[in-house]
Every structure is written in C-alpha cells, then in structure tokens.
Amino acid sequence: DEVEELRAQLDDAEAADDMVEKLTTRNLALDEQLRDARATIEDLHELKDTQEELEESLVHAERAARAELHAKQIELLDATDALVATRRTVVDLENVVENLSRVA
C-alpha cells in the first residue's frame, strides 16, 4: 500500500515535471515571439519615421518646383511681350523704309 502510494506520488511528480518542462518550452517560444514582435514594431516605427521624412521632403520639393514653374511662366510671359514689341518695331521700321522708298 505504501509502495503504491509512493508510485502514485512518483507518477504525479513526473507528470508535474513534464508539465513544467512543457510550460517552460512554451514560455521560451512565447518570449521569442514577443522579441520578434517588438523588433517588428520597432522596424515599423522606423519605416513610419522614414516615410514621414520622405513626405515632408516631397512637399518641400513640390513647393520649390511650383515656385520655379511660376518664375518660368513669368519669364516666358516677359519674353513673349518682348517678342511682340520687337515684331511691332520691325513692322514700324519696315513701314518707315517703305515710305522713304516712295519719297525717294
């Protein structure tokens, strides 16, 4: 009877030992998963920061491009006005030459 009780205690101790081993193994696996998840979160935060920096850079580049485009449009309008004025001067001078040719 005492032997049976000791065998039962031994079986219980072995079962408890197996359970502790399984829980330890599971705990280690969960710790590794947690470390991986934290590393992934950190990587995602870094990617988010990089993306925000790129967006800010893009906004600045777009503003600079718009300002440059506006300046070029003004430059083109000024050049067009100058061309129109030059053409009028050429037409006026051609008329003067034609009139002088008739007079002479």
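Of the 104 residues of the protein chain, 0% count as buried. The model on screen is a predicted one, and the stops below proceed from the whole chain to individual side chains.

**The whole chain.** Begin by displaying the complete chain as a cartoon. The protein chain contains 1 helix and 0 strands. Its radius of gyration is 44 Å, well over the 13 Å that the globule rule gives for 104 residues, so the chain is more spread out than a compact globule.

**The surface and its charges.** The accessible surface of the protein chain amounts to about 9800 Å², and carbon and sulfur atoms account for 58% of it. Then colour the side chains by charge. There are 12 positive and 29 negative side chains in the protein chain. The centres of these two sets lie 15 Å apart.

**The negative patch.** Select Asp11, Asp12, Glu14, Asp17, Asp18 and Glu21, which gather in a patch of negative charge on the surface. Within this group, centre the view on aspartate 11. This residue is found in helix H1, which comprises residues 2-103. Aspartate 11 has a relative accessible area of 47%; because this value falls between the 20% and 50% limits, the residue is classed as partly exposed.

**Salt bridges.** The count of salt bridges comes to 4. Three of them are visited here, including the one between arginine 7 and glutamate 4.

- Select arginine 7 and glutamate 4. Their closest N and O atoms are 3.7 Å apart. Both residues lie in helix H1, 3 residues apart, about one turn of the helix.
- Select lysine 48 and glutamate 52. These residues form a salt bridge in which the closest N and O atoms are 3.0 Å apart. They are 4 residues apart in helix H1, and therefore about one helical turn separates them. Lysine 48 is partly exposed, at 44% relative accessibility, and glutamate 52 is likewise partly exposed, at 38%.
- Select glutamate 98 and arginine 102. Here the salt bridge has its closest N and O atoms 2.4 Å apart. The two residues are 4 apart in helix H1, which means a separation of about one helical turn. Glutamate 98 has a relative accessible area of 40% and counts as partly exposed. Arginine 102 has a relative accessible area of 60%, so this residue counts as exposed.

**A distance along the helix.** Select alanine 61, which is found in helix H1. Its relative accessibility is 44%, and alanine 61 therefore counts as partly exposed. Alanine 61 and asparagine 95 are 34 residues apart in sequence and 50 Å apart in space.

Zoom out to end the tour.

How values were computed
Residues numbered from 1 in each chain as written. Predicted model: local features only at pLDDT ≥ 70, side-chain atom pairs only at ≥ 80, totals over all residues. Heavy atoms only, no water. Patch = residues over 30% accessible without salt bridge, like charges linked within 9 Å, V, L, I, M, F, W, Y side chains within 5 Å. Areas by Shrake-Rupley, 256 points an atom, 1.4 Å probe, with all protein chains shown as cover. Salt bridge = Lys/Arg side-chain N within 4 Å of Asp/Glu carboxyl O. Lys, Arg positive; Asp, Glu negative; His and termini not counted. Charge placed at Lys NZ, Arg CZ, Asp CG, Glu CD. Buried < 20%, exposed > 50% of the residue type's maximum accessible area, 1.4 Å probe, protein only. Rg over C-alpha atoms; globule rule 2.2 N^0.38 Å.
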